[in-house]
Every structure is written in C-alpha cells, then in structure tokens.
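Student: I would like to learn how to read a model like this one. Please take me through it one feature at a time.

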Amino acid sequence: MSWYQLWVAFGTIVVKEVRRFLRIWPQTLLPPAITMTLYFVIFGNLIGRRIGEMGGFDYMQYIVPGLIMMSVIQNSYGNVVSSFFGTKFQHSIEEMLVSPMPNLVILLGFIAGGMARGLCVGLIVSLLALFFTSLHMEHAWITVLVVVLTSALFSIGGFINAIFASKFDDIAIVPTFILTPLTYLGGVFYSIDMLSDFWRGVSMLNPIVYMVNGFRYGVLGVSDVNVAASLVTIALMTLALFCYAWWLLHRGVGIRQ
Amino acid sequence: MTALSIDNLRKTYKGGVQALRGISLEVEKGDFFALLGPNGAGKSTAIGIICSLVNKTSGQVKVAGYCLDRERAQVRRQIGLVPQEFNFNQFEKVFDILVTQAGFYGIPAWIARERAEHYLRRLGLWEKRDNAARTLSGGMKRRLMIARALVHEPEVLILDEPTAGVDIELRRSMWEFLSELNRRGKTIILTTHYLEEAESLCRGIAIIDHGVIVENTNVRALLEKLQVETLVLDLAQPLSQAPEIGEFSIHLRDPRTLEVEVPRGTPINEIFLELARHEIPVMSLRNKTNRLEELFMRLVEQNLPGEQY
C-alpha cells in the first residue's frame, strides 16, 4: 500500500473507534465524569478539608492530577480492550485481517482510538475539576508528554489483554484485579513519602507511581520521584509493550488459527 | 490466466487435526467455480488460508499471479470474501460498514461513499443504508456481506455458503446477481451445500473430502460420469407390485410411487409405452435426486476414512 493508502486505512480505524465511543457516550464518557465528580466532592472537598495540606497544596489540588491520570489510564485501557475484543467476538476483525492493511496500521489505529477516548475523558475530568479548584500548568510540555505516553501505554496494554482474551471475563480481570489496585496504590490520593521505607520501596515498583507523579509535577511542580526517571520509565514501557503487541499481531496470536 | 492456484496445501491445527492433506487445484480467470464437500471436509480451512484468516502449515497459494507468502497485500487486494457467518459490527450502520471496509483497503472516503451507494442500490439495500446492521433480515445481512466484499472491486469473489438459510426467491435473485457479475468477468468461487446451485451456476468444480480433493473437473465432464439416474413416477392409481419393463430396474416405493433406474443414454419412451400397455397412468415424473448430488454422494462415500487411509 502507498503511504496515502496507509494513512487512509489508519484514519478509517481511528474514525471508527471515535465514532464507537461517541455513539455509546452514556457508557464511555458519562460514567468517569460522574465518578470523578464524586471523588472531588467526597475525597477532595469533604474529607480533604479535614486532611489539610499535602505536598504544599491543599488536598483537593493535590489529588486532582492523580484523578485525571486515573481516568486517562482506565479509559485508554478500557476502550481498546473492549473494542478489540468486541471485534474478535463478533468476528468483524476479519474485515481487517482480509484487507491489505499491515499489522502495524491496525495496532496504531487501535492505540490512537484508545488515546482519543483516554485524552477526551482526561479533558472532561480536568474541566470538571475547575469547578472545585484552580489548576495551573507548571510544566506544560511535561504534562502533555506524560499524559500522552501514559494513554498510549495503557491503550497498548488493553490491546494485549484483548488479544489473549477468549471470553468477556478475561477482559474484566486485569482492570479489576491489577489496574485498579495499582492505580489506588500509585500515589493518586497520597504522597508515597508518607510511607515507611519498606512500603515506599515497594511502591517504587508500581509503574503508575511514575505516571501520576510525572503528571503531578507537570501540573503542580511537585513529585515524589525523579521526573526524568519517570519519563524514561514510561517511554521504555510503552516501547516494550508496543513491540510485544506488534509481535503478537504478526504471529496471529488469538486472531488467526 | 489463472485466478487461483493452490499447490500441495496442508493445514494441521493445534492438537493434530489434519484439515488439509495436500490439496492442489487451479481456477481460471473468469470461471464460476464450486468447491463442494461435506461438513468438516476442509472447505472453510482452504478459504481461510486463501483469505489470510488461517495460517497454512505448508504449500503454496497464488491469487491472480501473486504469491501469498511474498505478496500478501497484493493477494488480499484481489480477493473479496463473503464468509459463512455474519461478521460485521451489528451496531454499525449499513452504509458505514461499506465505507469503513473500503477504508481498510486505502480507498478514500469520497470514492468509498460512491461505491457503497452503487453496491447498496444494486443489492436492494439502499433504503436501509442508515439502519444498524442488526435490524436487517437474514437475507439482507447476506446481501450486505456481498456488497462489502465487492466495495474494493476485487478480481476474485469467494463466497462461503452464500445462500445458506436464504429463502428461494432471494436465492434466485442472488444467483442472478452472481451470474451477472461473472458475465462481466469476475471470477467467482463458492462453496455450497445446495448442489443444484453448483450445477446451475458453476462451470469448474472440485469436491473435497477429509482434506483431499477427490474430484477436480468441470460440471459437464463430471455429470457425464453419472451412469445411472433414478426417476420417480407418481401414479394415478395404487399398485400392489412393480411391473417388469425390459432391462429397467423398477421398484415400488409405495403403492402410488414407482422408482425406475435408467442407465445413462437410454431413451425412456419404452417405460411409458410399457406402463400404458399395463394400463398404469402416470401423473408426474421427476428425478429422485439432483444429478450432481448423486455423483457427490458416490464420490464422498468412496472416500470414507479407513478405506483410503
């Protein structure tokens, strides 16, 4: 295929994915908006007032970057895992497999679709946060870089999950038993500096700590971890998972007999 | 020119099931070709390999001269597939399904929209263009899959059981549509359980059973192999025993139905003369089974596992 044809094919997947999550907005865009508003009201406002400051900011301001990242992570992952598994389940993946479109374009298309939803929800949550607190960008480029890379990383994660999934239970296990605990323990609601040395060391093994703190550094200018290390960690993980997902597609794992 | 060339194609699934045991066949450009076989014979596996849905174990596949191993993208561009099962997103609109499929082939949206309209109109689905695919009837869904397979204008159209579960009227209209496509030069390969369909539409034919090709010829040559046909005569009055007429083998299926085995090339006038002489009026006459069906059953029965392997 020519570059132009590849671009058309890529755009087709992205448009298809965006159209999908917009069509079912009560399932995709509304729930995170409601959930995060509840977090802002209960944790940020009601409980946060009693907690006082954290990292030099009032508690509401401190948790907003983490909550934005949480919604980006969950929605980037959720979009690709449900969409790609859906195409497998309905066999509509065959529409792509019989076409001359290279595996790379299929992978990039789904990642872009996942990022579109993740970033869209991130934007909605950010706008909602403005009703509760003021937000100002300390380091705009780092903020954008971290959120884009994180969104890409979890879109790829969702893709890999969907490749191996053979039933609907398989696409719920990772978000429920791995992603949610890691996110809650990833410094969204607290600074890992509050933990004992042992648990701080354990927390440093959680990749979401680097993403939340990288984003928090971009927004508030404070971080529990080295920001350069955070960016390198996210970038390396994204690259590694991307190569793995591409290899799985090339081998036809889960999609070709 | 050859539209499809398969050489010693083998497929062994995980677990050791040998779906294809080295099949070879050629389909000429412009042919209307039938791939017949009982359930589990290997038809869908062969189609899956040709269309890149199944990885082959060994062997070679060429489509319009392009090699599947070396020129996979070119091969895929030449083929339009109408699978056996509905495999589109049931929640998408009919029009969007076609435009999206064209996009996967790198066809820009404005051309895709024109082609989508063209094929939806030809297949009588234009009025349904804004409906979600799940709201279509079974026959409409099948026509939608044909339109989708044509939207990138492939050289070879492959249909896996295209008329399964389709009512007679719709089946006839699909036959007409496919025949017209074929007359315009499109190579069509179909698998079907309706042997009448293969006999009336197709010129080339291959019969596959237990992963091997047991016959690969043209329909006319195959039918010439049929040595005996069985005619069924419906009688006006009941009989207690079958009459004896010359060398014909006749038996009474029930008091009002006679079955007569007629060797190929034998005139049947004598049967009616003798029946008239015995004062046995005949109300109607028909073939016991489709001619191709008789041949098919014989070829498949000859190839029963344990006899050949």
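Tutor: Let's start with His91(A), which is partly exposed, its relative accessible area being 41%. The classes are buried under 20%, exposed over 50% and partly exposed in between (1.4 Å probe, protein chains only). His91(A) sits in the loop between helix H4 (59-89) and helix H5 (93-97) of chain A; helices (H or I, at least four residues) and strands (E, at least two) are DSSP runs, numbered from the N terminus. Its phi is positive, about 65 degrees, although His91(A) is not a glycine.

Student: Is Ser52(B) buried or exposed?

Tutor: Ser52(B) is buried, with a relative accessible area of 1%. Ser52(B) also has a positive phi, about 70 degrees, without being a glycine. Its loop runs between helix H1 (43-50) and strand S4 (58-63) of chain B.

Student: What should I know about the numbering and the model before going on?

Tutor: Residues are numbered from 1 along each chain as its sequence is written, while chains are lettered from A and ligands numbered from 1 in the order in which they are written. This is a predicted model, where local features need pLDDT of at least 70, side-chain atom pairs count only at pLDDT 80 or more, and totals for chains, interfaces and linings use all residues; side-chain values use heavy atoms, leaving out hydrogens and water.

Student: Where in chain A is confidence lowest, and where is it highest?

Tutor: pLDDT is the predictor's confidence in each residue, from 0 to 100. In chain A it is lowest in strand S1 (residues 53-54), with a mean of 79, and highest in helix H6 (residues 103-129), at 95. The chain A average is 90, and 100% of the residues score at least 70.

Student: Which strands are joined to S11(B) by bridges?

Tutor: Two strands pair if DSSP finds at least two bridges between them. S11(B) and strand S13 (residues 257-263) of chain B run antiparallel, joined by 7 bridges, and Leu233(B) stands opposite Leu258(B) there. Strand S14 (residues 282-287) of chain B is also antiparallel to S11(B), with 5 bridges; here Val232(B) faces Arg286(B). Of the 8 residues of S11(B) (residues 228-235), 6 are buried, so the strand is largely enclosed by the rest of the structure.

Student: How do I find the buried side of a helix?

Tutor: An α-helix has 3.6 residues a turn, so residues three or four places apart point the same way. In helix H9 (residues 269-277) of chain B, the buried residues are Ile271(B), Glu274(B) and Leu275(B). They cover an arc of only 100 degrees around the axis, which puts them on the same side of H9(B); the arc is that of the directions from the helix axis to the C-beta atoms. These buried residues pack against S11, S13 and S14 of chain B, with contact meaning heavy atoms within 4.5 Å. The face turned away from the buried side carries the exposed Asn269(B), Leu273(B), Ala276(B) and Arg277(B).

Student: How many residues of chain A are in contact with chain B?

Tutor: 25 residues of chain A touch 30 residues of chain B. Thr12(A), in helix H1 (residues 3-23) of chain A, is in contact with Thr100(B), Gly103(B) and Phe104(B), leaving aside neighbours within four places in sequence. Thr12(A) counts as buried, at 14% relative accessibility.

Student: What about charged pairs?

Tutor: A salt bridge is a side-chain nitrogen of Lys or Arg within 4 Å of a carboxyl oxygen of Asp or Glu. There are 2 salt bridges between chain A and chain B. In one salt bridge, the side chains of Glu92(B) and Arg19(A) meet at 3.1 Å, N to O.
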